[in-house]
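Open the model in your viewer and keep the selection panel at hand. The tour below goes stop by stop.

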2 protein chains.
Amino acid sequence: MAATPAGRPRDPEVDERITRAAAEVYGAEGWARFSVDAVARRAGVGKASIYLRWPNKEALLAAALATRLAGVRDIDTGSVRDDLVALAGQVLHAFLDESGGAMLRLMLEVESLPAGQEHLDRFLQSQAAAARAIVHRGIDRGQLSGDTSVTLLLNTISGGALNHALTTPARLRAKVAAGADRYAEELVDFVLASVTVPS
Amino acid sequence: MAATPAGRPRDPEVDERITRAAAEVYGAEGWARFSVDAVARRAGVGKASIYLRWPNKEALLAAALATRLAGVRDIDTGSVRDDLVALAGQVLHAFLDESGGAMLRLMLEVESLPAGQEHLDRFLQSQAAAARAIVHRGIDRGQLSGDTSVTLLLNTISGGALNHALTTPARLRAKVAAGADRYAEELVDFVLASVTVPS
């Protein structure tokens with residue numbers, strides 16, 4: 001743990017409060033209106049506490065995006081269906097939880113945000129890596145056909161999660177977030193099963 | 001056609017140029033930085049030409065969103081697959097064409113934009129109505145099973161289109177837009193076919 005110049009250890013709870021507030025301010029206001037002032041107010045700390053940790057607002061937002069939007073993990077449950085449900089659930093939570101606004105905002109203003117593409121790529125690459133690993137295990141186990149498209153599987157599952165989050169008004173977000181795991185199952189079962197009538 | 005106070009008919013080409021510029025400025029800058037000045041500059045017209053048509057920036061953006069993000073149409077081709085391809089193609093173009101930034105921006109800042117929810121609902125409702133009509137025809141024709149979920153079908157197809165557009169860097173957008181119709185077919189065929197191995 002890093003120490004302050006006075007030798008007092010930094011409080012990780014404060015770090016967490018600041019990065020969470022930074023992600024929320026960024027999600028609500030965007031980069032053009034993002035400021036150390038606004039983050040300090042929302043976190044309930046003094047500006048000095050922030051400058052002690054990060055030299056400027058670029059570094060503050062970079063830390064917030066790195067810790068709050070860390071990406072998704074590949075979870076090997078032994079079943080392709082349950083692996084995909086775990087993936088869909090993580091994507092849903094990334095969009096619906098308190099930092100969800102920051103995730104959506106990042107996608108929109110990736111080109112005008114310092115290091116925006118880097119932050120977004122980290123999230124997208126974690127998704128793609130998890131999807132690839134899940135599909136390969138599914139093919140190896142004989143649960144998926146050998147020519148399954150990782151891109152289409154990821155676009156329909158991750159996009160289905162994103163669309164669900166985007167069409168949720170903010171006032172219902174907490175309620176919808178509470179039902180996210182159930183929706184993840186419905187979404188994956190829908191994608192994995194054919195909806196057409198066998199001819 | 002409306003006439004100016006001087007009796008000269010309004011030029012519809014200028015109307016179109018202004019609403020397109022307004023959608024582009026909104027997509028690039030968001031509501032907080034949207035101004036009649038910026039729209040006039042981008043459209044290459046004087047501010048007077050805009051105020052002749054719309055009393056303020058609220059009315060200007062409302063007109064731009066109403067004409068440029070008009071929603072999707074239900075196209076009855078006789079085949080559920082081709083109906084869905086037509087729907088997916090329209091959604092892809094809504095996100096990838098020159099007004100695509102405005103569509104994404106609207107989804108993000110719907111709560112802070114005057115009448116934002118109204119504009120977004122018009123688009124979402126046009127999508128949902130088209131999806132419902134397509135599914136009902138598909139069930140009537142025996143091409144879809146009777147319990148097909150309209151919501152999940154729409155979330156995976158529309159979300160699959162959205163994810164494709166969002167993960168496309170701006171510099172590749174025109175190229176990806178040119179391939180949108182082909183991607184719409186791949187996406188629909190993927191959703192309609194089961195990817196799992198029949199057991």
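Helices (H or I, at least four residues) and strands (E, at least two) are DSSP runs, numbered from the N terminus. This is a predicted model: local features need pLDDT of at least 70, side-chain atom pairs count only at pLDDT 80 or more, and totals for chains, interfaces and linings use all residues. Residues are numbered from 1 along each chain as its sequence is written, chains are lettered from A and ligands numbered from 1 in the order in which they are written, and side-chain values use heavy atoms, with hydrogens and water left out.

**Stop 1: a serine in a helix**

Select Ser126(A). Helix α7 of chain A, residues 116-140, holds Ser126(A). Is Ser126(A) buried or exposed? Ser126(A) is buried, because its relative accessible area is 14%. Buried means under 20% relative accessible area, exposed over 50%, and partly exposed in between (1.4 Å probe, protein chains only).

Now show the backbone oxygen of Phe123(A). The side chain of Ser126(A) reaches that oxygen at 2.7 Å. Residues three or four places apart in an α-helix point the same way, because there are 3.6 residues a turn.

Contact means heavy atoms within 4.5 Å.

**Stop 2**

Step back to Ala115(A). Ala115(A) sits in the loop between α6 (100-108) and α7 of chain A. Check its phi: it is positive, about 60°, although Ala115(A) is not a glycine. With a relative accessible area of 38%, Ala115(A) is partly exposed.

Jump to chain B and select Ala115(B). The loop between α6 and α7 (116-140) of chain B contains Ala115(B). Ala115(B) also is not a glycine, and has a positive phi of about 60°. Its relative accessible area is 40%, so Ala115(B) is partly exposed.

**Stop 3: the two domains of chain A**

Colour residues 12-67 of chain A as domain 1 and residues 69-192 as domain 2. Domain bounds come from an automatic or database domain assignment. The C-alpha centres of domain 1 and domain 2 of chain A lie 26 Å apart.

How many residues of domain 1 of chain A are in contact with domain 2 of chain A? There are 16, and they meet 14 residues of domain 2 of chain A. Together the two domains of chain A bury about 1,200 Å², 58% of it on carbon and sulfur atoms. Buried area is the accessible area (1.4 Å probe) that two parts lose on being put together, summed over both.

Between domain 1 and domain 2 of chain A, the count is 0 salt bridges. A salt bridge is a side-chain nitrogen of Lys or Arg within 4 Å of a carboxyl oxygen of Asp or Glu. The count of residue pairs in polar contact between these domains of chain A is 6 (both at pLDDT 80 or more). A polar contact is a pair of N or O atoms within 3.5 Å; within protein, one must be able to donate a hydrogen and the other to accept it, and residues adjacent in sequence count only if both atoms are side-chain atoms.

Highlight α1 (12-29) and α4 (57-68) of chain A. These are the elements that give two or more residues to the side of domain 1 of chain A that touches domain 2 of chain A.

**Stop 4: an aspartate in α1**

Stay on helix α1 of chain A and pick Asp15(A). At 18% relative accessibility, Asp15(A) counts as buried. Apart from neighbours within four places in sequence, Asp15(A) is in contact with Arg10(A), Arg53(A) and Trp54(A).

**Stop 5: where the chains meet**

Show both chains. The contact takes 42 residues from chain B and 42 residues from chain A. Chain B and chain A bury about 3,400 Å² between them, 65% of it on carbon and sulfur atoms. Select Leu108(B), Leu152(B) and Phe190(B): in chain B they lose the most area to chain A, together 18% of what that side buries.
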